[in-house]
Structure formats: C-alpha cells, structure tokens
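Please view the sequence and the structure below before reading on.

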Amino acid sequence: MVSCPKPNPESILTILDKFQLDPKETVYVGDSNVDLLTATSAGVLFAYASWDNYDDSINYDFLLKEPKDLKKLFLRSK
C-alpha cells in the first residue's frame with residue numbers, strides 16, 4: 001500500500017524497487033494528464049490509452065488508439 005496518491009510517483013517507484021525493474025524499460029499505461037505526470041515523475045515511459053477520450057495536450061511515448069494496441073506494445077519489446 002502506498003501513502004501518496006497520483007501524481008506522486010510512490011506507487012510506481014515501489015513496484016520498480018520490489019521487482020528490480022529499470023525505469024527506462026518500464027511503461028506506465030494511463031489515460032490522463034495525471035497519469036502522464038505520475039509516469040514522468042517516476043522516470044518511466046508513458047503509453048497513452050486514448051480510446052475513450054483523446055486529449056492532444058497529453059505528451060506520450062506510445063499512443064494506444066484501441067485496447068488491442070497493448071498487445072502491439074508488448075510484442076514490440078521482444
């Protein structure tokens with residue numbers, strides 16, 4: 001359990017530490033500016049799940065236009 005809500009990066013940093021993950025190889029999927037801020041604060045990549053409400057003010061590393069794009073993102077990493 002974490003004590004600070006998003007956009008505080010505590011939740012992501014806790015997982016990175018617990019599983020010894022490299023932030024540069026970790027992707028956080030979200031659908032809002034708060035999610036972007038959370039990912040940025042944790043130093044991880046951000047995949048924007050835009051299928052419900054695209055917002056052109058959100059900067060992203062990966063654009064997910066529909067849920068099946070998640071599979072493409074995972075296959076890309078192999």
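Which residues of strand β1 form its covered face, and which form its uncovered one? In this predicted model, Y28 and G30 make up the covered face of β1 (residues 27-30), while V27 and V29 lie on the uncovered face. In a regular strand the side chains alternate between the two faces of the sheet.

**Strands and crossover**

- Strand β2 (residues 45-49) runs parallel to β1, and four bridges join the two strands.
- Within β2, F46 is the bridge partner of Y28.
- Together with helix α2 (residues 33-42), β1 and β2 make a β-α-β unit, which is right-handed.

**Nonpolar core**

- Ten residues form the largest nonpolar core: I12, L16, Y28, L36, A39, A42, V44, F46, Y48 and I58.
- At least two residues of this core are supplied by each of α1 (10-18), α2 and β2.
- Helix α2 provides the largest share of the core, with three residues.
- In soluble globular proteins, nonpolar side chains tend to be buried together.
- Y28 of the covered face of β1 is one of the core residues, as is its bridge partner F46.

**Contacts of I12**

- When neighbours within four places in sequence are left aside, I12 is in contact with Y28, T38, A39, A42 and V44.
- Among these partners of I12, Y28, A39, A42 and V44 also belong to the largest nonpolar core.

**Confidence of the prediction**

- The protein has a mean pLDDT of 94, and 97% of its residues reach 70 or more.
- Among the elements, α2 has the highest mean pLDDT (98), and helix α3 (residues 69-76) has the lowest (89).

Notes
Residues are numbered from 1 along each chain as its sequence is written. This is a predicted model: local features need pLDDT of at least 70, side-chain atom pairs count only at pLDDT 80 or more; totals for chains, interfaces and linings use all residues. Side-chain values use heavy atoms; hydrogens and water are left out. Buried means under 20% relative accessible area, exposed over 50%, partly exposed in between (1.4 Å probe, protein chains only). Two strands pair if DSSP finds at least two bridges between them. A crossover is right-handed if, with the strands pointing away from the viewer, the path from the first strand over the helix to the second runs clockwise. A nonpolar core is a set of buried Ala, Val, Leu, Ile, Met, Phe, Trp, Tyr and Cys residues joined through side-chain atoms within 4.5 Å. Contact means heavy atoms within 4.5 Å. pLDDT is the predictor's confidence in each residue, from 0 to 100.
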